[in-house]
Amino acid sequence: MESCTDWAVQAVQQNGTASEFVAKILTSGMKRKLLTLVMINDGSRVLLGYKKRGFGAGYYNGFGGKVEPGETVREAAQRELVEEACISAQDLQEAGVLVFAFDDQPQPWEVHVFAASSYVGEPAETDEMRPVWFAHEEVPFDSMWADDPIWYPYLLRQEHFRGVFAFQQTTKLVWNTMV
Ligand SMILES: CNc1ncnc2c1ncn2[C@@H]1O[C@H](COP(=O)(O)OP(=O)(O)OP(=O)(O)O)[C@@H](O)[C@H]1O
(Lines give C-alpha, C1' and ligand atoms only; values in the text may rest on other atoms or scores of the structure.)
Protein backbone atom coordinates (compact mmCIF):
# COMPACT_ATOMS: atom_id res chain seq x y z
CA MET A 1 0.00 0.00 0.00
CA GLU A 2 1.22 3.48 -0.82
CA SER A 3 2.23 5.14 2.41
CA CYS A 4 0.72 8.46 3.22
CA THR A 5 4.09 10.10 3.36
CA ASP A 6 4.70 9.27 -0.33
CA TRP A 7 1.81 11.31 -1.67
CA ALA A 8 2.23 14.05 0.92
CA VAL A 9 5.94 14.41 0.12
CA GLN A 10 5.23 14.39 -3.62
CA ALA A 11 2.60 17.08 -3.17
CA VAL A 12 5.06 19.25 -1.30
CA GLN A 13 7.86 18.67 -3.81
CA GLN A 14 5.60 19.47 -6.80
CA ASN A 15 4.57 22.77 -5.29
CA GLY A 16 7.42 25.25 -5.35
CA THR A 17 5.69 27.54 -2.88
CA ALA A 18 5.83 25.08 0.01
CA SER A 19 7.54 26.69 2.91
CA GLU A 20 10.86 25.16 3.80
CA PHE A 21 9.75 23.78 7.12
CA VAL A 22 6.93 21.73 5.54
CA ALA A 23 9.35 20.06 3.17
CA LYS A 24 11.77 19.47 6.01
CA ILE A 25 9.16 17.94 8.30
CA LEU A 26 7.55 15.72 5.68
CA THR A 27 10.69 14.51 3.95
CA SER A 28 12.61 13.73 7.11
CA GLY A 29 11.16 10.19 7.16
CA MET A 30 9.76 10.92 10.57
CA LYS A 31 7.06 8.61 11.90
CA ARG A 32 3.64 10.18 11.74
CA LYS A 33 1.20 10.44 14.62
CA LEU A 34 -2.03 8.66 13.58
CA LEU A 35 -5.39 10.17 14.47
CA THR A 36 -9.02 9.76 13.49
CA LEU A 37 -11.90 12.13 12.84
CA VAL A 38 -15.51 11.00 12.41
CA MET A 39 -18.04 13.22 10.69
CA ILE A 40 -21.73 12.31 11.12
CA ASN A 41 -23.62 13.70 8.13
CA ASP A 42 -27.36 13.11 7.78
CA GLY A 43 -27.47 14.63 4.28
CA SER A 44 -28.41 18.16 5.30
CA ARG A 45 -26.69 18.53 8.69
CA VAL A 46 -23.39 17.57 10.30
CA LEU A 47 -22.90 16.66 13.93
CA LEU A 48 -19.96 18.52 15.45
CA GLY A 49 -18.61 18.56 18.96
CA TYR A 50 -17.54 21.65 20.85
CA LYS A 51 -14.16 20.63 22.27
CA LYS A 52 -14.10 21.47 25.97
CA ARG A 53 -10.51 20.53 26.79
CA GLY A 54 -7.18 19.39 25.33
CA PHE A 55 -5.88 19.98 21.81
CA GLY A 56 -8.27 22.21 19.83
CA ALA A 57 -10.25 23.33 22.91
CA GLY A 58 -12.77 26.03 21.98
CA TYR A 59 -13.17 24.71 18.42
CA TYR A 60 -15.99 22.71 16.86
CA ASN A 61 -14.78 19.51 15.23
CA GLY A 62 -15.74 15.98 14.34
CA PHE A 63 -15.08 13.28 16.92
CA GLY A 64 -11.73 11.53 17.12
CA GLY A 65 -8.33 11.16 18.66
CA LYS A 66 -5.15 9.16 18.66
CA VAL A 67 -4.97 5.58 17.37
CA GLU A 68 -3.82 3.41 20.28
CA PRO A 69 -1.26 0.61 19.92
CA GLY A 70 -2.90 -2.64 18.77
CA GLU A 71 -6.01 -1.10 17.24
CA THR A 72 -6.80 -0.37 13.61
CA VAL A 73 -7.55 3.15 12.45
CA ARG A 74 -11.21 2.14 11.96
CA GLU A 75 -11.43 0.65 15.47
CA ALA A 76 -9.95 3.85 16.89
CA ALA A 77 -12.50 5.93 14.96
CA GLN A 78 -15.41 3.89 16.41
CA ARG A 79 -13.95 3.97 19.94
CA GLU A 80 -13.40 7.74 19.94
CA LEU A 81 -16.95 8.33 18.64
CA VAL A 82 -18.39 6.32 21.52
CA GLU A 83 -16.08 7.99 24.06
CA GLU A 84 -16.70 11.54 22.86
CA ALA A 85 -20.31 11.53 21.58
CA CYS A 86 -21.86 8.37 23.11
CA ILE A 87 -22.93 7.02 19.73
CA SER A 88 -21.81 4.15 17.52
CA ALA A 89 -21.67 4.62 13.72
CA GLN A 90 -23.34 1.98 11.56
CA ASP A 91 -21.95 2.86 8.15
CA LEU A 92 -18.47 4.28 8.76
CA GLN A 93 -16.90 5.09 5.37
CA GLU A 94 -13.36 6.29 4.65
CA ALA A 95 -13.79 9.89 3.51
CA GLY A 96 -10.25 11.27 3.25
CA VAL A 97 -6.81 11.73 4.77
CA LEU A 98 -5.27 14.95 6.10
CA VAL A 99 -1.57 15.43 6.83
CA PHE A 100 -0.60 18.25 9.18
CA ALA A 101 2.93 19.60 9.55
CA PHE A 102 3.27 21.76 12.66
CA ASP A 103 6.40 23.80 13.36
CA ASP A 104 5.82 23.26 17.10
CA GLN A 105 5.06 19.52 17.20
CA PRO A 106 7.71 16.80 17.08
CA GLN A 107 5.93 14.73 14.39
CA PRO A 108 3.64 15.30 11.41
CA TRP A 109 0.05 14.17 12.04
CA GLU A 110 -1.93 11.90 9.73
CA VAL A 111 -5.66 12.21 10.34
CA HIS A 112 -8.00 9.59 8.84
CA VAL A 113 -11.41 11.12 8.27
CA PHE A 114 -14.49 8.88 8.24
CA ALA A 115 -18.09 9.75 7.42
CA ALA A 116 -21.27 8.08 8.62
CA SER A 117 -24.96 8.82 8.15
CA SER A 118 -26.51 6.42 10.62
CA TYR A 119 -25.69 5.57 14.19
CA VAL A 120 -27.09 3.94 17.30
CA GLY A 121 -27.49 5.80 20.56
CA GLU A 122 -28.24 9.46 21.22
CA PRO A 123 -25.49 12.08 20.93
CA ALA A 124 -24.73 13.22 24.48
CA GLU A 125 -22.32 15.65 26.10
CA THR A 126 -19.16 14.11 27.53
CA ASP A 127 -16.21 15.51 29.54
CA GLU A 128 -14.48 16.30 26.25
CA MET A 129 -17.18 17.32 23.76
CA ARG A 130 -20.62 18.95 23.54
CA PRO A 131 -22.43 17.68 20.39
CA VAL A 132 -24.34 20.19 18.22
CA TRP A 133 -26.03 19.71 14.80
CA PHE A 134 -25.29 22.28 12.09
CA ALA A 135 -27.00 22.69 8.70
CA HIS A 136 -24.43 22.30 5.88
CA GLU A 137 -24.66 26.00 5.08
CA GLU A 138 -24.23 26.99 8.74
CA VAL A 139 -21.04 25.11 9.65
CA PRO A 140 -19.27 27.52 12.10
CA PHE A 141 -15.92 27.78 10.28
CA ASP A 142 -14.95 30.87 12.34
CA SER A 143 -14.78 28.58 15.40
CA MET A 144 -13.00 25.70 13.69
CA TRP A 145 -9.53 24.69 12.54
CA ALA A 146 -8.34 26.79 9.57
CA ASP A 147 -8.00 23.71 7.33
CA ASP A 148 -11.68 22.75 7.73
CA PRO A 149 -13.22 25.12 5.13
CA ILE A 150 -10.79 23.68 2.58
CA TRP A 151 -11.79 20.02 2.86
CA TYR A 152 -15.42 20.17 4.09
CA PRO A 153 -16.73 20.83 0.56
CA TYR A 154 -15.23 17.47 -0.53
CA LEU A 155 -16.72 15.75 2.51
CA LEU A 156 -20.19 17.20 1.89
CA ARG A 157 -20.03 16.21 -1.83
CA GLN A 158 -18.90 12.74 -0.69
CA GLU A 159 -15.75 13.05 -2.82
CA HIS A 160 -12.63 11.35 -1.42
CA PHE A 161 -9.93 13.88 -0.46
CA ARG A 162 -6.28 14.09 0.57
CA GLY A 163 -4.78 17.30 1.87
CA VAL A 164 -1.48 18.53 3.24
CA PHE A 165 -1.52 21.51 5.61
CA ALA A 166 1.27 23.41 7.34
CA PHE A 167 0.64 25.24 10.60
CA GLN A 168 2.84 27.67 12.48
CA GLN A 169 2.40 28.17 16.22
CA THR A 170 -0.28 25.45 16.27
CA THR A 171 -3.20 27.30 14.69
CA LYS A 172 -1.89 29.55 11.90
CA LEU A 173 -2.39 27.86 8.52
CA VAL A 174 0.53 28.95 6.31
CA TRP A 175 0.40 26.50 3.39
CA ASN A 176 -1.85 23.81 1.98
CA THR A 177 -2.56 21.68 -1.03
CA MET A 178 -5.31 19.19 -1.91
CA VAL A 179 -4.03 16.16 -3.82
C1 LIG B 1 -4.69 21.04 12.66
N2 LIG B 1 -5.97 20.93 12.11
C3 LIG B 1 -6.91 20.05 12.47
N4 LIG B 1 -8.05 20.09 11.76
C5 LIG B 1 -9.06 19.26 12.05
N6 LIG B 1 -9.03 18.35 13.04
C7 LIG B 1 -7.89 18.29 13.76
C8 LIG B 1 -6.81 19.12 13.52
N9 LIG B 1 -5.84 18.80 14.41
C10 LIG B 1 -6.32 17.83 15.18
N11 LIG B 1 -7.55 17.50 14.80
C12 LIG B 1 -8.42 16.49 15.41
O13 LIG B 1 -8.56 16.85 16.75
C14 LIG B 1 -8.67 15.69 17.56
C15 LIG B 1 -7.58 15.77 18.60
O16 LIG B 1 -7.67 14.65 19.37
P17 LIG B 1 -7.15 14.60 20.86
O18 LIG B 1 -8.24 15.01 21.75
O19 LIG B 1 -5.85 15.28 20.97
O20 LIG B 1 -6.93 13.05 20.95
P21 LIG B 1 -7.27 12.06 22.12
O22 LIG B 1 -8.74 12.09 22.38
O23 LIG B 1 -6.68 10.74 21.76
O24 LIG B 1 -6.47 12.79 23.22
P25 LIG B 1 -6.32 12.52 24.75
O26 LIG B 1 -5.82 11.10 24.83
O27 LIG B 1 -7.69 12.74 25.32
O28 LIG B 1 -5.30 13.56 25.11
C29 LIG B 1 -8.52 14.51 16.63
O30 LIG B 1 -9.79 14.04 16.25
C31 LIG B 1 -7.83 15.13 15.43
O32 LIG B 1 -8.14 14.43 14.27
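Of the 179 residues in the protein chain, 33% are buried (20 or more other C-beta atoms within 10 Å of a residue's own, with C-beta atoms placed from the backbone). Keep in mind that this is a predicted model, where local features need pLDDT of at least 70, side-chain atom pairs count only at pLDDT 80 or more, and totals for chains, interfaces and linings use all residues. Numbering starts from 1 along each chain as its sequence is written.

**Fold**
- The protein chain has 4 helices and 10 strands, taken as DSSP runs (helices: H or I, at least four residues; strands: E, at least two) and numbered from the N terminus.
- Read from the N terminus, the order is α-α-β-β-β-α-β-β-β-β-β-α-β-β.
- Take the contacts (C-beta atoms, placed from the backbone, within 7 Å) between residues at least 6 apart in sequence: 66% of them join residues at least 24 apart.

- Beyond its neighbours within four places in sequence, Val 113 is in contact with Leu 37, Met 39, Ala 95, Gly 96, Val 97 and Leu 98.

**Annotated domain**
- UniProt, in an unreviewed entry, puts "domain: Nudix hydrolase" at residues 30-159; such annotations may be inferred rather than shown by experiment.
- That span, residues 30-159, is 18% helix and 36% strand, with its end C-alpha atoms 29 Å apart.

How values were computed: Buried ≥ 20, exposed ≤ 12 C-beta atoms within 10 Å, placed from the backbone. Contact = placed C-beta atoms within 7 Å.
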